[in-house]
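Please go through the sequence and the model shown here, and then read the short report that follows.

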Amino acid sequence: MGLNIRHETMTLYLQPLREGGSLPGLVEASDGFKYAAKFRGAGHGTKALIAEFIGSEIARAVGFRVPELVFLDLGVDFGRTEGDEEIQDLLRGSEGLNLGVHFLSGALTWDVMANHADAMTASRLVWLDAFFTNIDRTARNTNMLLWNRELWLIDQGASLYFHHSWSDWEKAALSPFPYVKDHALLADASCLEEADEEMRRMLTPEVIDTIVDAVPADWLAASGSPASVDEQREVYRNFLKTRLSNSQIFTRHAADARKSLV
């Protein structure tokens with residue numbers, strides 16, 4: 001059974017959400033809801049959307065709270081009245097299919113000094129980010145939100161960084177993920193071996209296939225990769241499945257990195 005991802009149309013650009021090259025924006029869509037829009041014309045292009053989609057849906061599949069994702073269509077005339085030239089250029093370069101992340105109104109940024117995650121939650125999240133090689137979950141930029149007193153994950157677009165070169169993906173799949181030393185919750189991740197067992201039960205090859213199959217072909221075709229759409233899907237599948245079957249490599253490395261902190 002495939003993923004049920006809704007399609008909506010952007011109807012109004014409200015404001016940029018933060019500084020930075022990717023310029024995500026707060027938009028309103030045809031369903032009346034607000035979304036954090038990730039634009040295909042920004043930064044790393046559709047590769048960032050692919051990573052965001054795969055990372056978010058894997059996180060959801062293993063039980064983390066992740067805002068709903070929707071496919072957002074941006075029409076040719078959208079943004080012509082935008083006064084900011086940089087944003088207008090971004091919108092013009094993003095015509096077609098983009099990604100929307102349901103906006104959690106009133107959510108607060110998760111502060112590792114003020115908010116606490118239990119050891120198992122921390123361990124599962126460290127495992128998850130090491131699994132799909134997410135380099136952007138640090139104390140400085142947690143990409144976690146506190147909403148309705150619960151932990152929510154956002155911004156997985158910096159994961160799967162092997163796909164920016166496509167060379168030696170097999171080697172990348174077996175890497176220990178050295179960036180785990182900077183993970184926001186590493187110090188609290190005292191149950192990594194237990195987390196490894198639990199996550200491997202939940203994240204099956206079939207789950208990986210379902211998520212990768214749901215990546216829009218349009219994004220893959222526009223990614224700039226020399227590989228075909230089908231070949232790219234196969235690499236993503238094989239990368240993730242290889243990493244899953246060899247999870248002890250990055251689990252042990254994370255445990256060793258934690259020892260230097262505690």
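## Conventions

A residue is called buried when its relative accessible area is under 20%, exposed when over 50%, and partly exposed in between (1.4 Å probe, protein chains only). The model is predicted, with local features needing pLDDT of at least 70 and side-chain atom pairs counted only at pLDDT 80 or more, while totals for chains, interfaces and linings use all residues. Residues are numbered from 1 along each chain as its sequence is written, and side-chain values use heavy atoms, with hydrogens and water left out.

## A buried aspartate

Asp-196, in helix 5 (residues 192–202), is buried but has no salt bridge, and Arg-200, the nearest side chain of opposite charge, is 4.6 Å away. Here a salt bridge requires a side-chain nitrogen of Lys or Arg within 4 Å of a carboxyl oxygen of Asp or Glu; Lys and Arg count as positive, Asp and Glu as negative, and His and the chain ends are not counted. Neighbours within four places in sequence aside, Asp-196 is in contact (heavy atoms within 4.5 Å) with Trp-127, Ser-247 and Thr-251.

## The barrel

Five strands form a closed barrel in the order 1-2-3-5-4, with mixed pairing, where pairing requires at least two DSSP bridges between two strands. Helices (H or I, at least four residues) and strands (E, at least two) are DSSP runs, numbered from the N terminus. Strand 2 (residues 25–29) and strand 3 (residues 34–38) run antiparallel and are joined by 4 bridges; Val-27 has Tyr-35 in strand 3 as its bridge partner.
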